[in-house]
Amino acid sequence: MPDGRERRARAAPGMAALIAWVVGVGCCAFLPALPDLRGYALLPAALAACAWRSGLPLRRWLLVLLALSLGLGYATARAQWRLQHELPVAWQQKPIAFVAVVRGLPDPGEYGVRLVLEVERALTPGAALPERVQLHDYLKRDWPPGSRWQLSARFKPMRGSANAFGFDAEQWLWSEGLLASGSAGKERRRLADGQGLMAWVDGWRARQVARIERALGAGRESALVAALTVGAQQRVAREDWQLFAATGLTHIVSISGLHITMLAGLAGWACASLLRRWPVARAPRLLVAGAALSAATVYALLAGFTVPTQRTLFMLVAGWGCLQLRRQLSPFQVWWLALSLTLLLDPFAVLAPGLWLSFGLVAALMFCSLARRRPPPHWRAALDGQWAAGVASLVPLAALFGGFPLLSPLANALAIPFVSMLLTPLSLLAVALPWDGLLPMVGWLARVFYSGVAWLAQGPAWHVAGSPWPLLALASLGTLWLIAPRGVPGKPLAGLLLLPVLVYRPPGPAPGEFRATVLDVGQGLSMLVQTAEHALLFDTGAGEAGRVVLPQLRGLGVERLDMLILSHHDSDHDGAAAGVLAALPVARVLAGQPQALPQARARPCRQGQSWEWDGIRFDVLAPGPSPAAGEDNAYSCILRIAASRHALLVSGDAPQQVEEALVAQPGVRLASSVLIAGHHGSRTASGEAWLAAARPQLAVISAGFLNRYRHPHPQVLQRLRQHEVGVLRTDLDGAITLDFAAEVRWQCLRQQQPRYWRARGACAAPGLSPG
């Protein structure tokens, strides 16, 4: 019989090929365009032929390349198949009648219900829909999981804001297979409910959520219990998610691998206890492993089969298979098998941050315990695991979320045992029991958990700027060095490799130059202006500051604002102002309508205000002393920013009457190389007189994709074409960065970071050269 060394030597080529296949699948997600499979198929065929005719050493390398090419080809084929099911352009925003089944749990929100539908067929002749769509019902009607409906809706392609930092909604939507979103019409007709396992599972999950809310009330405690038991994370309020993010406990709330492992361990322990009392099996280990695997499978299925549950389940499947085949695999071999199974089922999971965090932290825990001759005491193992998980999460959290809470290690050390060993088991038991007597006690434990999280959330956080990939690679190397097994020398020096990521700040403009970044905030406006030593934010867009604005400011290294200008009081211009003021120190606030803002320190924005920073002149051109009464847009601040050769002009939502008054006013300088089109490209702004006076070479339009206001208006686009003005649009180009130096250069994020799944505009204009 071969010894362990021989078995490992025989398994090495197979593991190398498996790893290469995983790498090939992962590489596909970041391609700017998909290869043509008809020509690409020749590559695996050529590699296979060369491997067949080559000697053993070269054959192994060729087989690794073959596995990599097959992984890339498999992911490419799946991606092309998904692209073929996108919403056709001809049917965007047109009514389509169809039949669909409700999948998952609907998400009731303040403005309506959001749900996922699995489309069975389109009833409108010639129409086509993706297999899975997201639907918004602003009438807040009931949509039971698993129910089938005949209804009509208008759809548009799923398009998220495209910015350099923060959560990438478009990437997440693609990974989830949600290719279109629509608004439900008034008419709908319920058909016979959907059949199948998932329809029954979703219905059972909905009944348990309703039962929990009846016992505990519709509040944060019932939402937490529902999230931990049946994966109803959409019930957790946004404010509570912010608390979890501020303490590094987001992974605790979702049904993670830790919870499934705990449940599997309890099932295995119960089975082993029964077998010791009543031995009825010849292979008790197989029966115990089967019981643990069955419990984990049921829990993962009821939780929605997310990536963390898949990882743990596939690891248990690999372990159970080894017992069946009497084969011994190392923990890392089981880890690679679980990862490959996850990507085989869903190659788009590589786009989800949860995959990297989930598999990465497990790998860190295994790596820190390598080469140990005997297991350490339980307390030492817990401390080592907490250290490894904390250090290993630094680089992913910095790269994906722009920072990490300093109290996160303490929060995890307290929350993991409380949630995984107490709150989750009791919650599962309370749901499994046929009566509700245990639910009030579980609700009390949830309140205790929230109290502790609220206290820990007051702690400080370390925010880092977006680092280039060489610094991230260096920090990753330092992470591996720090969590390496005991005995590896030079660990104090490893911390120096992490230091560049923690202190890096992107270079700013040179004196006499400035940079303007028009953020992609959807239907709204927010623009960051940076000089050599100062930063100004013009408007904040709508919604929460943590959604777009704050991640971009922190990713660009902006730790304080010298000025915040809020053009006028409208939610798409100042909706996130309170969040910005709460999160960052702001030296001065100017507002077109300061009386409408709760911030008493805001000063009115008035014509004649001017200042100079680092050789750049800022002039407020409006509002004048007497804006049009009752017209909020007429109070918009109009700002001109001028360097020695080029200038930028931004006017908020100022209407054409204000534009024409400024044009007629003597002594007002309007000429500018770049114009931020007024009112998101509405026909009420950017009039003929304004364009003739400003004489821009480039116009930037900040608007939402296929927004309900139909901005930009065709008349405005026609005017810009007649004046030979190039056009950049955030809805098509994403965030736009303009550098004003000897020349004006710009970059569009959708072109700067191309992906095959990300739509992108032309990002081009006559008369100027892009950066």
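Q: What makes Cys 748 and Cys 763 a disulfide?
A: In this predicted model, the sulfur atoms of Cys 748 and Cys 763 are 2.0 Å apart. A disulfide requires the two cysteine sulfur atoms to be within 2.5 Å, so Cys 748 and Cys 763 meet the criterion. The link is right-handed, with 85° about the S-S bond. It connects distant parts of the chain: Cys 748 is in strand β22 (residues 744-748) and Cys 763 in the segment after α28 (749-752), 15 residues apart. Cys 748 and Cys 763 are both buried.

Q: How do you know that a disulfide joins Cys 605 to Cys 637?
A: The S to S distance between Cys 605 and Cys 637 is 2.5 Å. The pair joins distant parts of the chain, 32 residues apart: Cys 605 is in the loop between β13 (603-604) and β14, and Cys 637 in the loop between β15 (616-622) and β16 (638-642).

Q: What pattern do the disulfides of the protein follow?
A: With bonded cysteines counted along the chain, the pattern is 1-2, 3-4. Cys 28 takes part in no disulfide, as the nearest cysteine sulfur, that of Cys 27, is 8.9 Å away. A distance of 8.9 Å is not within the 2.5 Å required, and therefore no bond is assigned to Cys 28. Cys 28 has a relative accessible area of 1%, so it is buried.

Q: Why is Cys 50 called partly exposed?
A: Cys 50 has a relative accessible area of 41%. Partly exposed covers the range between the 20% limit for buried and the 50% limit for exposed, and 41% falls in that range, so the term applies to Cys 50.

Q: What makes the contact of Glu 170 with Arg 750 a salt bridge?
A: The closest N and O atoms of Glu 170 and Arg 750 are 2.8 Å apart. Glu 170 lies in helix α5 (residues 169-176) and Arg 750 in helix α28, so the pair ties together parts that are 580 residues apart in sequence. A salt bridge needs a side-chain nitrogen within 4 Å of a carboxyl oxygen, so the pair of Glu 170 and Arg 750 qualifies. Glu 170, with 5% relative accessible area, is buried, and Arg 750, at 0%, is buried too.

Q: How do you know that Glu 559 and Arg 505 meet in a salt bridge?
A: Their side chains come to 2.3 Å, N to O. Glu 559 is in the loop between α21 (549-555) and β11 (563-566), and Arg 505 in the loop between α20 and β8 (514-518), so the pair ties together parts that are 54 residues apart in sequence. The distance of 2.3 Å is within the 4 Å limit, so the contact of Glu 559 and Arg 505 is a salt bridge. Arg 505 is partly exposed at 31%.

Q: What makes strand β4 and strand β5 a pair?
A: Strand β4 (residues 148-157) and strand β5 (residues 180-191) share 9 bridges in the antiparallel sense. Pairing requires at least two bridges, so β4 and β5 pair. In β5, Gly 182 is the bridge partner of Phe 155. The two strands belong to a barrel closed by 5 strands in the order β1-β2-β3-β5-β4, with mixed pairing. The twist there averages 55° from one strand to the next.

Q: What makes β14 and β20 edge strands?
A: The open sheet has 7 strands in the order β14-β15-β16-β17-β18-β19-β20, with mixed pairing. β14 (610-613) and β20 (726-729) each pair on one side only. The twist averages 20° from one strand to the next. Within this sheet, β17 (residues 647-650) and β18 (residues 674-676) run parallel and are joined by 3 bridges.

Terms used
Residues are numbered from 1 along each chain as its sequence is written. This is a predicted model: local features need pLDDT of at least 70, side-chain atom pairs count only at pLDDT 80 or more; totals for chains, interfaces and linings use all residues. Side-chain values use heavy atoms; hydrogens and water are left out. Helices (H or I, at least four residues) and strands (E, at least two) are DSSP runs, numbered from the N terminus. Axes are lines fitted to C-alpha atoms, for helices over the stretch in contact, and angles run from 0 to 180 degrees between N-to-C directions. Buried means under 20% relative accessible area, exposed over 50%, partly exposed in between (1.4 Å probe, protein chains only).
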